[in-house]
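Q: I would like to learn how to read a model like this one, feature by feature. Where do we start?

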Amino acid sequence: MDTSHARRLSRVAAGVELGTLVATVANLATVHLPAISSLVGPLHGCAYLFTVVAVARDPGRTRGTTGLALLPGIGGVLALRGLTRSDATATAA
């Protein structure tokens, strides 16, 4: 699998992770339906783990991007932003 394909999968997983976190918090703050919690909670956990592993396996990772990926919710998006920035810096140099 090439880097661009892996990054696209990581981007989707980070988006799902953030979206499911927002859905979980919104559910808790409003109606608190157990059915939503039981569906969205495990989906969020899987997306979180996928994002962390994907960033950790990326060849352009740094300690900072790996550390960002460990933050629940927004960490995957921030880590991918850092990876993209490091690619742009390496290409410009």
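Q: Is His32 buried, partly exposed or exposed?

A: Remember that this is a predicted model. Burial is read from relative accessible area, and the middle class lies between 20% and 50%. His32 has a relative accessible area of 45%, so His32 is partly exposed. His32 sits in the loop between H1 and H2.

Q: Let me step back to the whole chain. How many helices and strands are there?

A: Count the elements, then read their order. The chain has four helices and zero strands. From the N terminus on, the order is α-α-α-α.

Q: What box do the C-alpha atoms fill?

A: Take the box along the principal axes. The C-alpha atoms of the chain fill roughly 50 × 25 × 15 Å. The accessible surface of the chain is about 5,800 Å². Carbon and sulfur atoms hold 72% of that surface. Of the 93 residues, 24% count as buried.

Q: Which share of the contacts joins residues 24 or more positions apart?

A: Look at contacts with a separation of 6 or more. In this chain, 59% of them join residues 24 or more positions apart.

Q: How do I read the packing of H1 and H2?

A: Two numbers do the work. Two packed helices are described by the angle between their axes and the distance between the axes. Here H1 and H2 pack at about 145°, and their axes are 8 Å apart. The crossing of H1 past H2 is left-handed.

Q: Which residues of H1 and H2 meet?

A: Read the two sides in turn. On the H1 side, the residues include Leu9, Ala13, Val16, Leu21 and Asn27.

Q: Why does the pair tie together parts that are 51 residues apart in sequence?

A: Place each partner in the fold. Asp58 lies in the loop between helix H2 (34–57) and helix H3 (63–69), and Arg7 lies in helix H1 (residues 3–29), so the pair links parts 51 residues apart in sequence.

Q: Do Asp58 and Arg7 count as buried or exposed?

A: Check each against the limit: buried means under 20%. Asp58 is at 7% relative accessibility, so Asp58 counts as buried. Arg7 is at 9%, so Arg7 counts as buried. Setting aside residues up to four places away in sequence, Asp58 touches Thr3, Arg7 and Leu83.

Q: Now to helix H3. What does Thr65 touch?

A: Leave out residues up to four places away in sequence. Thr65 then touches Val55, Ala79, Gly82 and Leu83. Thr65 is in helix H3. Its relative accessible area is 6%, so Thr65 is buried. Thr65 and Gly15 are 50 residues apart in sequence and 16 Å apart in space, C-alpha to C-alpha.

Q: What does Ala69 touch?

A: Ala69 touches Tyr48, Val52, Val55, Gly75, Gly76 and Ala79, with residues up to four places away not counted. Ala69 is also found in helix H3. Ala69 has a relative accessible area of 0%, so Ala69 is buried. From Ala69 to Arg81 is 12 residues in sequence and 11 Å in space, C-alpha to C-alpha.

Definitions and conventions: Residues are numbered from 1 along each chain as its sequence is written. This is a predicted model: local features need pLDDT of at least 70, side-chain atom pairs count only at pLDDT 80 or more; totals for chains, interfaces and linings use all residues. Side-chain values use heavy atoms; hydrogens and water are left out. Helices (H or I, at least four residues) and strands (E, at least two) are DSSP runs, numbered from the N terminus. Buried means under 20% relative accessible area, exposed over 50%, partly exposed in between (1.4 Å probe, protein chains only). Axes are lines fitted to C-alpha atoms, for helices over the stretch in contact, and angles run from 0 to 180 degrees between N-to-C directions. A crossing is left-handed if the near helix is turned anticlockwise from the far one by less than a right angle, and right-handed if clockwise. Contact means heavy atoms within 4.5 Å. Accessible areas come from the Shrake-Rupley method with a 1.4 Å probe; for residues, only the protein chains shown count as cover.
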